[in-house]
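Student: I would like to learn how to read a strand and its surroundings in a model. Please show me the sequence and structure before we start.

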Amino acid sequence: MNTLTTEKKQEVAEKSDGKELKQQIKVYSPNVDVYETDNSLLFRVEMPGVDDKSVEITIEKDQLQLEGKFQIGVEEKGQVRLAEYREGNYFRRFTIGKAIDSEKAVAKMKNGILELSIPKIEPKKTKVEIRNS
């Protein structure tokens, strides 16, 4: 994790054998670069250790929500002497406006970097005529 990434804890409830277990998971706020062109918005999100199957991208109304889960596999490698790399979730939310075409959004994940491109749409123009009474 990079030192600019902020973190907080979130309590997550999971069910195991019919019992509800509560677990505290670290939630990281990933570093994000946002670019805007005449035709689109581009988000470049740093999510090291996250594979493309554990990324969720949600666009609802004017809100973009990015989530990713990172889990370290259980391997027996000996006694831990130093452990700085921790599992957790990534989460960021942005207000992106309504002039976008969320149906044509495209996302790619490579080397821990998520790239999301969302095309803009031309705002609907309406001309209102003044009536004289």
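Student: Is Ser 40 buried or exposed?

Tutor: This is a predicted model, in which local features need pLDDT of at least 70, side-chain atom pairs count only at pLDDT 80 or more, and totals for chains, interfaces and linings use all residues. Residues are numbered from 1 along each chain as its sequence is written, and side-chain values use heavy atoms, with hydrogens and water left out. Buried means under 20% relative accessible area, exposed over 50%, and partly exposed in between (1.4 Å probe, protein chains only). Ser 40 has a relative accessible area of 17%, so Ser 40 is buried.

Student: Which residues is Ser 40 in contact with, leaving aside neighbours within four places in sequence?

Tutor: Contact means heavy atoms within 4.5 Å. With those neighbours set aside, Ser 40 touches Tyr 35, Ser 117, Ile 118, Pro 119 and Lys 120.

Student: Where is Ser 40 placed?

Tutor: Strands (E, at least two residues) are DSSP runs, numbered from the N terminus. Ser 40 belongs to strand β4.

Student: How many bridges join β3 to β4?

Tutor: Strands of a sheet pair through backbone hydrogen bonds, either parallel or antiparallel. Two strands count as paired if DSSP finds at least two bridges between them. Here β3 (residues 32-36) and β4 (residues 40-46) run antiparallel and are joined by five bridges. Asp 33 has Arg 44 in β4 as its bridge partner. Three residues lie between the two strands of this β3 and β4 hairpin.

Key
Helices (H or I, at least four residues) and strands (E, at least two) are DSSP runs, numbered from the N terminus.
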